[in-house]
Amino acid sequence: MSHQHHCLANDRADTATQFLQHPDNPMIHAKTIVLALAAVSALAGGAASVAALTPQQAIDMRHANFEKMGKAMKAIGGELKSGAPNKGLLLANAKIIAAAAPQVTKLFPAGTGPSSGLKTDALPAIWTDRATFDALGGRLVGEANKLVGVAGSGDAAAVGAQMKALGGVCGECHRKFRKED
Ligand code: HEC
């Protein structure tokens with residue numbers, strides 16, 4: 001799905017660029033240019049941004065995004081183990097995970113797998129079975145949002161159960177789509 005998004009965004013961006021560069025168009029009005037640029041940058045701020053990354057940048061960004069989620073899960077685990085979890089910390093870290101989760105599958109654009117020659121543990125199956133990969137990404141978002149829902153309660157048992165549900169999705173995707181070290 002993210003692929004379709006950035007193709008669409010590319011088409012739109014190209015059209016706008018051609019329009020702006022058209023040599024014999026004296027009718028171009030400053031306001032029209034501003035509107036065209038606003039449309040392009042609105043797209044660039046969303047799903048389109050991934051299309052502008054080099055493969056190495058996309059790989060770096062997904063690693064950083066995963067590490068952010070891993071750190072937040074550790075922080076929540078630490079709070080739960082403490083016996084007296086800090087609700088504010090539980091919630092803040094749950095929100096970090098929920099913000100990172102929707103980025104996960106977007107940061108695997110075509111050309112960033114092992115055939116790129118770059119260092120990555122991503123398996124080629126991501127690009128041959130994209131529907132399964134994206135479905136796992138969707139489940140991750142759902143479980144992360146549920147975690148935000150229970151984190152603020154400070155109910156350690158409920159947060160622990162939801163952490164297990166979330167971690168289950170991480171593990172399932174790693175088994176299917178990440179090279180074992
Ligand atoms: C939709 C599939 C998917 C889900 C869901 C997923 N991961 Fe991953 N994860 C991957 C893949 C694929 C890689 C390998 C990426 C690479 O090396 O380019 C990876 C790599 C990682 C890494 C290593 C990053 C690095 O710097 O090498 C960490 C840490 C990680 N994931 C944590 C998590 C956590 C925590 C969750 C759940 C909250 C999670 N992942 C959910 C697919 C997933």
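Does G111 count as buried or exposed, and how many C-beta neighbours lie inside 10 Å? The views below take up this residue and others in a predicted model.

**View 1. G111 sits in the loop between helix 4 and helix 5 (125-128).** G111 counts as exposed because it has 12 C-beta neighbours inside 10 Å. By definition, a residue is buried if 20 or more other C-beta atoms lie within 10 Å of its own, exposed if 12 or fewer, and partly exposed in between; C-beta atoms are placed from the backbone. Leaving aside neighbours within four places in sequence, G111 is in contact with P55 and S116. Two residues are in contact if their C-beta atoms, placed from the backbone, lie within 7 Å. W127 is 16 residues from G111 along the chain, and their C-alpha atoms are separated by 9.2 Å.

**View 2. The whole protein chain has seven helices and zero strands.** Helices (H or I, at least four residues) and strands (E, at least two) are DSSP runs, numbered from the N terminus. Along the sequence the pattern reads α-α-α-α-α-α-α. The chain has 181 residues, and 24% of them count as buried. Take the contacts between residues at least 6 apart in sequence: 71% of these join residues at least 24 apart. Residues are numbered from 1 along each chain as its sequence is written. In this predicted model, local features need pLDDT of at least 70 and side-chain atom pairs count only at pLDDT 80 or more, while totals for chains, interfaces and linings use all residues.

**View 3. Helix 3 (residues 55-81) and helix 4 (residues 87-100) cross at roughly 155 degrees.** Their axes come within 9 Å. Axes are lines fitted to C-alpha atoms, for helices over the stretch in contact, and angles run from 0 to 180 degrees between N-to-C directions. The two helices are therefore roughly antiparallel to each other (under 35 degrees counts as roughly parallel, over 145 as roughly antiparallel, 65 to 115 as roughly perpendicular and the rest as oblique). The crossing is left-handed, meaning that the near helix is turned anticlockwise from the far one by less than a right angle. By class, the contact has 11 nonpolar, two polar and two charged residues. Ala, Val, Leu, Ile, Met, Phe, Trp, Tyr, Cys and Pro count as nonpolar, Asp, Glu, Lys and Arg as charged, and the others, Gly among them, as polar.

**View 4. Helix 6 (residues 130-151) and helix 7 (residues 156-177) cross at roughly 165 degrees.** Their axes come within 9 Å. Helix 6 and helix 7 are therefore roughly antiparallel to each other. Their crossing is left-handed. Among the residues that meet are F133, L136 and L140 in helix 6 and V159, L166 and F177 in helix 7. The contact divides into 15 nonpolar, two polar and five charged residues.

**View 5. D129 lies in the loop between helix 5 and helix 6.** D129 counts as partly exposed because it has 14 C-beta neighbours inside 10 Å. F177 is 48 residues from D129 in sequence, and 9.5 Å away in space, C-alpha to C-alpha.
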